[in-house]
Amino acid sequence: LERGVPAAIKTFDRKTGRFLAPNGGWAVTNQDVVYPLALLYKTPGNRYYGDKKVLEICGKAGEAWCDFQNPDGTFEFIKVDGSRWGRIFMPWSIYHWVEAFILLEDSLNKRCRARWQKGLMLAYNGLAAARKNPNSHNIPTWDGMSLTRAGLFFNRPEWVEIGRNQCRFSAKHQHRDGFWPEGDGPTTMYNFVYMHALGLYYT
């Protein structure tokens, strides 16, 4: 993780708080690097432990999520090539965001902390409402894990219940041969997403 920091910082645009792609494009998921940066900032024994520059970058990067977020908590899914895929609660990004918040809550300045928390509550309240009925698919599975983690931290048992129901539903619907069928058969990438989400849920 430590060796990756200079390359990550090099892509950081201080004006917008965004981590930009080599072509100058940006996607919401580019901000997910906030989580490992936060982990390094809080973990003794590495050269970025307690580094105020890293904390400042994390704070601005989290606010970039807030700046791009819609009032209903969603994000427009724009890929780095400029293609648009509609509004989504973007479960990968809000998961990495909440993990970073858990690490940095006591380190962020008051204004930044309040913005992060407001954005996370918007996202997770919306996600919980959208995930009340479980569905065996890779994105809902990740949603379920993320809701469980956020619900435990923010003491929102209703989120935990929705997340638990989703993750157990997904586990139950695994094919007997060990995969989750999407697109008429096993797909290695989606299988990884299911296993990653259920592994984090289990942990």
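The model is predicted, so local features need pLDDT of at least 70 and side-chain atom pairs count only at pLDDT 80 or more, while totals for chains, interfaces and linings use all residues. Residues are numbered from 1 along each chain as its sequence is written, and side-chain values use heavy atoms, with hydrogens and water left out.

Start with helix α2, residues 34–42. Helices here are DSSP runs of H or I with at least four residues, strands are runs of E with at least two, and both are numbered from the N terminus. The buried residues of α2 are V34, L37, A38, L40 and Y41. Buried means under 20% relative accessible area, exposed means over 50%, and partly exposed lies in between, with a 1.4 Å probe and protein chains only. Why do these residues share a side of α2? They cover an arc of only 160° around the axis, and that puts them on the same side of the helix. The arc is taken over the directions from the helix axis to the C-beta atoms. An α-helix has 3.6 residues a turn, so residues three or four places apart point the same way.

What do the buried residues of α2 pack against? Their partners are α1 (5–10), β2 (18–19), α3 (52–68), α4 (91–104) and α5 (110–130). Contact means heavy atoms within 4.5 Å.

Take α3 from that list. The axes of α2 and α3 come within 10 Å and cross at roughly 150°. That angle makes α2 roughly antiparallel to α3. Axes are lines fitted to C-alpha atoms, for helices over the stretch in contact, and angles run from 0 to 180 degrees between N-to-C directions. Under 35 degrees counts as roughly parallel, over 145 as roughly antiparallel, 65 to 115 as roughly perpendicular, and the rest as oblique. The crossing of α2 past α3 is left-handed. In a left-handed crossing the near helix is turned anticlockwise from the far one by less than a right angle; clockwise gives a right-handed one.

Which residues form this contact? From α2 come V34, L37, A38 and Y41. From α3 come K52, V54, L55, I57, C58, A61 and W65. By class, the contact holds 10 nonpolar, no polar and 1 charged residues. Ala, Val, Leu, Ile, Met, Phe, Trp, Tyr, Cys and Pro count as nonpolar, Asp, Glu, Lys and Arg as charged, and the others, Gly among them, as polar.

Now move along to α6 (residues 138–154) and α7 (residues 157–172). These two helices pack at an angle of about 150°, with their axes 7 Å apart. That makes α6 roughly antiparallel to α7. α6 passes α7 in a left-handed crossing. On the α6 side, the contact includes P140, G144, L147, A150 and F154. On the α7 side, W159, I162, R164 and C167 are among the partners. By class, this contact has 10 nonpolar, 7 polar and 1 charged residues.

Is A150 buried or exposed? It is buried, with a relative accessible area of 0%. Leaving out residues up to four places away in sequence, A150 touches V98, Y124 and W159. Y201 is 51 residues from A150 along the chain, and their C-alpha atoms are separated by 11 Å.

Next come two loop residues. N155 sits in the loop between α6 and α7. N155 has a positive phi of about 55° although it is not a glycine. At 64% relative accessibility, N155 is exposed. M90 lies in the loop between β4 (84–88) and α4. Its phi is also positive, about 45°, and M90 is not a glycine. M90 is buried, at 1% relative accessible area.

N70 belongs to the loop between α3 and β3 (75–78). N70 is buried, with a relative accessible area of 15%. Beyond its neighbours within four places in sequence, N70 contacts F75, E76 and R87. N70 and L122 are 52 residues apart in sequence and 9.1 Å apart in space, C-alpha to C-alpha.

Finish toward α8 (188–202). N191 is in helix α8. N191 is buried, at 13% relative accessible area. T203 lies in the segment after α8. T203 is exposed, with a relative accessible area of 81%.
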